[in-house]
Each structure stands twice: as C-alpha cells, then as structure tokens.
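Biologist: I have a few questions about the terms used for this structure. Could you set each value against its definition?

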Amino acid sequence: MTEEGAFRRNFEVLGEDFYNAGRVSTEIKEILQQVGVAATTVRRVAIAAYEAEMNVVMYARRGTVCLELTPELVHLLVRDEGPGIEDIELAMQEGYSTATERMREMGFGAGMGLPNIQKNSDRLVIHSTAGVGTEVEIEVRF
Amino acid sequence: MKLEEVKRILECEVITGHDRLDTEIKMVCGCDLMSDVLAFIKADALLLTGLVNRQAIRTAGVADVPAVVFVRGKRPDEETVALAEEKGLPILVTNLLLYEACGRLYSQGVPGCEGR
C-alpha cells in the first residue's frame with residue numbers, strides 16, 4: 001500500500017540483537033506521539049510493532065520495518081530474511097511457539113506474539129516462505 | 001494509589017525515579033512473561049515482575065506502564081538501570097515474592113487488570 005503525501009520511514013532490525021530489541025518500536029511510538037496520534041492508537045501500534053520486531057530479533061537474520069502514516073491509518077510492513085513460518089495458522093494459535101530457551105529468558109516465546117499483533121491491529125496479513133523469510137503487514141486505523 | 005505508598009507497602013528500595021514517587025497507580029499486573037504483559041496489561045497499570053532485563057523496560061515503555069517493581073529481590077544490571085533512567089521510568093525492588101507482593105497491594109484496594 002502506498003499513498004501520495006503519506007509519511008514514510010524505514011528502520012533496520014538485526015537478528016539476535018537483543019540489546020537493541022524494542023528500539024525501533026519505541027522510536028515508532030515516539031514519532032506517533034509527536035504527530036499527535038491518540039494515546040490508545042499509539043499504544044496499539046507500539047505493541048504490534050514491538051511483537052513484530054521481537055520476532056525478527058528472535059528468529060530472523062535481519063529485517064526491515066517500514067512505517068507509513070496516512071490521515072486514516074498507520075501501516076507497518078515488517079519484512080525479514082529468515083527461516084519463515086511453515087504453518088501460519090498454527091503460529092497464530094495462542095500458546096504455540098518454537099522459541100528457544102534464550103528467547104524465553106528474555107521473557108518472550110510464550111506463543112502470544114502473532115495473536116497479540118492481531119489483537120492490536122485492524123488488519124494483519126502474513127506471507128511467508130519457508131527458508132526465505134516472512135512479510136508481516138499490519139494496519140491500525142484511527 | 002501513589003507509587004510512594006506502593007514503596008511503603010512492598011518495603012521497596014527505589015533504584016530509579018526517586019523524583020517520580022508521586023506517580024498515580026490505578027491497577028497492577030503481576031507477570032514474568034513479557035508477551036503476556038503485552039497481551040493483558042492495561043495502560044497506567046504498575047508492572048510487578050521477576051524478569052530483570054532490558055526487555056522489561058522496553059515492554060513497560062511500549063505498553064504505557066508508569067513504573068516497574070522487580071520482585072524476589074532481583075536487581076537489574078547497570079545497562080537496564082541506564083535504559084530506565086533514559087526513559088524516565090521508575091524502578092523499585094522488593095524482596096517479596098510475586099504472589100505476596102500482589103496480595104499486599106490487592107488487599108489495599110488496588111485492582112488487577114482483569115476485564116477492565
């Protein structure tokens with residue numbers, strides 16, 4: 001989705017970079033706050049973005065987050081190079097997880113990531129190719 | 001309830017945010033899993049957790065959590081404290097276990113995040 005005159009910003013996310021994990025979503029949150037988006041909407045976007053960012057950090061080699069802001073909605077496109085998701089339907093189930101011990105030590109890998117993104121978005125589309133990567137499209141309407 | 005009152009009830013040590021103890025706490029969420037925190041915590045709820053790392057601070061920032069109390073006497077490392085200071089997030093530490101800490105606040109009338 002692209003729209004004339006929309007605000008756009010790209011961010012890089014590195015796999016295994018637990019030190020910086022959450023920095024991109026925090027920055028996205030600050031941008032939305034600065035342009036005056038309502039607090040409840042900012043919170044939904046931030047939570048969805050954070051879960052998507054953590055997925056890249058935990059599972060992929062690297063990824064990008066593209067933020068697009070239009071008068072009607074916030075659009076996030078999270079693309080990664082990684083193992084991909086073999087069974088998206090299964091991954092969407094609460095509690096299903098393929099997380100490692102290290103990810104669990106960080107407080108993640110409870111199988112709530114994708115369900116949390118769905119809960120906090122108005123539209124969620126996931127495309128994934130096993131062995132190649134995953135593309136997660138998130139829309140939150142104002 | 002003010003954070004100052006939480007500090008007294010849970011016998012906390014204040015690590016960061018000494019100047020923010022007048023922060024108003026409307027409810028509490030006790031949880032060690034950050035994904036569960038993101039799923040269930042409400043904005044303006046205090047987080048009680050045993051997960052002492054940067055992700056706890058990041059999660060608090062993302063989910064509009066005004067302060068974090070680390071339970072079981074767990075102390076954050078310098079980097080985690082530095083991140084909390086950068087974000088202006090008050091961090092407190094209590095020696096109480098999670099259940100006891102939640103129970104004390106609940107018995108003083110601070111509700112949980114259930115169905116709100």
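Modeller: Begin with strand β4 (residues 68-70) and strand β5 (residues 91-93) of chain B, which run parallel and are joined by three bridges. Strands here are DSSP E runs of at least two residues, helices are H or I runs of at least four, and both are numbered from the N terminus. This is a predicted model: local features need pLDDT of at least 70, side-chain atom pairs count only at pLDDT 80 or more, and totals for chains, interfaces and linings use all residues. Residues are numbered from 1 along each chain as its sequence is written, and chains are lettered from A and ligands numbered from 1 in the order in which they are written.

Biologist: What makes β4 and β5 of chain B a pair?

Modeller: Two strands pair if DSSP finds at least two bridges between them. β4(B) and β5(B) have three bridges, so they count as a pair. In β5(B), B:I91 is the bridge partner of B:V68.

Biologist: Which helix packs on the sheet and touches β2, β3 and β4 of chain B?

Modeller: Helix α5 (residues 98-107) of chain B does, touching β2, β3 (45-49) and β4, and its direction makes about 170° with that of β2(B). Axes are lines fitted to C-alpha atoms, for helices over the stretch in contact, and angles run from 0 to 180 degrees between N-to-C directions.

Biologist: In what order do the strands of that open sheet lie?

Modeller: The five strands of chain B follow the order β1-β5-β4-β3-β2, with mixed pairing. β1 (13-16) and β2 (27-30) of chain B are called edge strands because each pairs on one side only.

Biologist: Why is the size of chain A said to agree with a compact globule?

Modeller: The radius of gyration is taken over C-alpha atoms, and the globule rule is 2.2 Å times the number of residues to the power 0.38. For 142 residues a compact globule would have a radius near 14 Å; chain A has 14 Å, so the two agree.

Biologist: What share of chain A counts as buried?

Modeller: Of its 142 residues, 42% do. A residue is buried if 20 or more other C-beta atoms lie within 10 Å of its own, exposed if 12 or fewer, and partly exposed in between, with C-beta atoms placed from the backbone.

Biologist: Which strands of chain A form a hairpin?

Modeller: β4(A) and β5(A) do, with three residues between them. β4 (residues 123-129) and β5 (residues 133-141) of chain A pair in the antiparallel sense over seven bridges. A:R123 has A:E139 as its bridge partner in β5(A).

Methods
Contact = placed C-beta atoms within 7 Å.
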